[in-house]
Structure formats: C-alpha cells, structure tokens
Amino acid sequence: MSCCEVQMEGGKQLFAQASAVSIHTGNIVNWSRLKKKCPSSPSEELQDCIRETLEKWCCQVSPELLKEPPATLECTITQDVDSISPEEREEVKVSAKLFLSDPDSSGIKDAVKKACSALAVSQLDSVIIAPPPLEDGASLSLSHLQPYWEELETLVQSQSIVAIGTSDLDKVLLEQLYQWAQVKPSSNQVNLASCCVMPPELTAFAKEYDIQLLTHSDPKELIPMLSFQEAVIASIQDNLAYEWITKWVLRYSVIVKSRGIIKSKGYLVYAKRIHY
C-alpha cells in the first residue's frame with residue numbers, strides 16, 4: 001500500500017468518527033483542473049471543489065491526527081490558501097455571499113469568523129445573505145429575514161463586516177427591511193434567470209436609497225444535501241455519507257480594487273453528521 005493510500009485510509013477513519021466537518025477549498029482561481037473543465041453551474045463548481053479538496057486532504061492526513069481524532073475535522077489544503085498580507089489589505093476588496101441551509105442564525109457569526117481567519121483579515125468588506133430555502137408554497141417575509149439580519153448587524157457593529165446586502169428581495173420586501181433595519185442594506189442581488197430586466201419599481205427604490213442592485217445566477221440552494229453527500233462518497237468513500245448535511249456555505253472573492261480583477265476565490269463549507 002502506497003503512502004497516499006495509507007493516508008487515504010486514515011482520512012476515511014477520521015471522517016467516520018467526526019461529528020462535523022469544516023472544508024476550505026483555498027483559492028480555486030489557481031486550480032488548473034477547474035480551468036480545463038468549465039462547470040456548468042455554481043452548484044457543479046462547488047461540488048467539484050468539495051470533492052477535490054477532500055481527496056487532497058485525505059492524501060495529507062497527519063498520523064498525529066489519528067491518535068486523537070477531533071470531533072470537528074478541519075479539511076484545508078494549506079498550500080492552496082492565499083491569505084492577505086497587511087501590506088495589500090487596502091488594495092483589495094473582500095466580498096462574500098453566505099448561503100444558509102439551516103434556520104439557526106448562529107452559523108452566520110461562525111462563518112464570518114472562519115472567513116476572516118482563513119484570509120488573515122480582521123473584517124470582510126461586504127457580506128450578502130441568502131436565507132435558507134423555504135418550504136414549498138411559503139413566501140419570504142420580513143419576519144423570516146429579521147433573525148439573520150440582526151446577526152449581521154451585530155457583526156457590522158463589532159467591525160467584522162463593513163457592509164451587508166440581501167439577495168432576491170422584491171421592492172416591497174426590500175423597502176420593509178430598509179425601514180426596519182438599524183444597519184441598512186447596501187446591496188440587493190437579483191437573479192436574472194427569473195427577471196431578464198430589473199423591475200422599474202425596484203430600480204427606482206434602490207436609486208433613491210443608494211442601494212446597489214447586482215445580478216447573480218445562483219440557485220436557491222447552492223448545494224443540495226444529496227450533492228454534498230455524493231461529493232463525500234466520491235472522495236472519501238464514506239458509507240455513512242447520507243448522514244451528512246450542510247449547515248452553511250460561504251463563497252468569497254478577493255478583488256484588486258485598481259484593476260477590478262479577481263485575485264482569489266474560494267468556498268468555506270460547514271456540515272454536520274445527523275445520526276438517524
């Protein structure tokens with residue numbers, strides 16, 4: 001058995017004993033494999049990244065880790081992580097979009113903290129929130145948004161985030177949020193798959209209150225539970241992969257301000273094992 005195969009077995013063993021896993025893909029801009037294969041969707045890109053990261057991590061498992069298996073696995077490929085030096089911090093903008101899969105808003109603080117730590121920064125310049133998908137037939141309302149927005153406001157007040165934004169709010173809901181919120185939304189993403197042209201009433205409201213309207217092509221659920229489990233099976237061959245569910249996904253981009261180019265892009269994923 002080769003060294004990598006031994007480490008792979010160790011990785012499987014650790015995964016089987018873990019109750020939670022935190023995955024950081026590192027900077028995927030530099031991944032040659034993804035450049036050769038252009039993902040057809042954000043969901044496919046993330047699934048590929050999770051699979052690739054877990055495969056690499058398994059081949060680098062330290063024997064010391066096996067002596068005292070942690071309850072929460074930190075699956076990161078250190079050499080793939082591009083942290084931001086203090087000298088370049090003012091030259092870049094760090095933006096993130098946080099996709100929640102769980103109604104519990106406490107994951108927001110954890111996600112932002114992990115992103116800041118991974119990139120070696122004290123704050124993120126902007127965070128857009130994507131609330132958990134609603135049950136069929138349910139409509140997003142202010143009461144759904146409030147717990148998540150209050151958590152974001154706390155992070156703005158503690159200077160962990162500079163600006164916060166929303167995703168897929170129509171004019172009525174955006175106005176309700178704006179009037180209620182202490183920290184006003186600085187942006188609102190609109191999915192052009194459901195709206196080829198920006199609604200005039202939304203455009204007018206955003207202009208009046210200085211809210212930036214952005215476009216996106218993300219699905220409501222960035223990575224469905226089954227897709228995450230398939231990525232785990234493909235990389236770890238975990239027979240209990242069906243017990244894993246994602247709690248949140250944070251996608252970040254580091255953009256060079258003067259040139260408008262993406263210097264770094266990556267994903268942080270947090271999942272827990274649910275014992276049935």
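Strand S3 (92-100) and helix H7 (171-180) each supply at least two residues of the lining of the second largest pocket. Helices (H or I, at least four residues) and strands (E, at least two) are DSSP runs here, numbered from the N terminus. The model is a predicted one, so to speak of local features takes a pLDDT of at least 70 and side-chain atom pairs count only at pLDDT 80 or more, while totals for chains, interfaces and linings use all residues. Residues are numbered from 1 along each chain as its sequence is written, and side-chain values use heavy atoms, with hydrogens and water left out.

Back to that second largest pocket: its volume is about 400 Å³. A pocket is an open set of points on a 1 Å grid over the protein atoms alone, with protein on both sides within 12 Å along at least five of seven lines, whereas a cavity is a set of points where a 1.4 Å probe fits but cannot get out; lining residues have an atom within 4 Å of a point. Grid points are joined across faces, edges and corners, and a volume is the space filled by probe spheres set on the points. The second largest pocket has 23 lining residues, and Leu134, Leu140, Ser167, Asp168 and Lys220 are the ones nearest its centre. The lining splits into 12 nonpolar, 6 polar and 5 charged residues.

The largest pocket holds about 580 Å³ of space. Its lining takes in 26 residues, with Ser95, Ser126, Ile128, Gln189 and Leu214 nearest the centre. Strands dominate the list of elements that each supply at least two lining residues: S3, S4 (124-130), S5 (161-167), S6 (187-191), S7 (212-216), S8 and S9 (261-273). By type, the lining of the largest pocket comes to 9 nonpolar, 10 polar and 7 charged residues.

S3 and S8 (244-256) each supply at least two of the lining residues, and the lining divides into 6 nonpolar, 2 polar and 2 charged.

H7 also packs against helix H8 (200-208), at an angle of about 25 degrees and with the axes 9 Å apart. Axes are lines fitted to C-alpha atoms, for helices over the stretch in contact, and angles run from 0 to 180 degrees between N-to-C directions. H7 and H8 are therefore roughly parallel (under 35 degrees; over 145 is roughly antiparallel, 65 to 115 roughly perpendicular and the rest oblique). In the contact (heavy atoms within 4.5 Å), Lys171, Leu174, Glu175 and Tyr178 of H7 meet Glu201, Leu202 and Phe205 of H8. These residues divide into 4 nonpolar, no polar and 3 charged.

Gln159, in the loop between H6 (142-157) and S5, has a positive phi of about 65 degrees although it is not a glycine. Asp210, in the loop between H8 and S7, also has a positive phi, near 55 degrees. Most residues other than glycine have a negative phi. Gln159 is exposed, at 58% relative accessible area (exposed is over 50%, buried under 20%, partly exposed in between, with a 1.4 Å probe and protein chains only). Asp210 is exposed too, at 69%.

Note on methods: Nonpolar A, V, L, I, M, F, W, Y, C, P; charged D, E, K, R; others polar.
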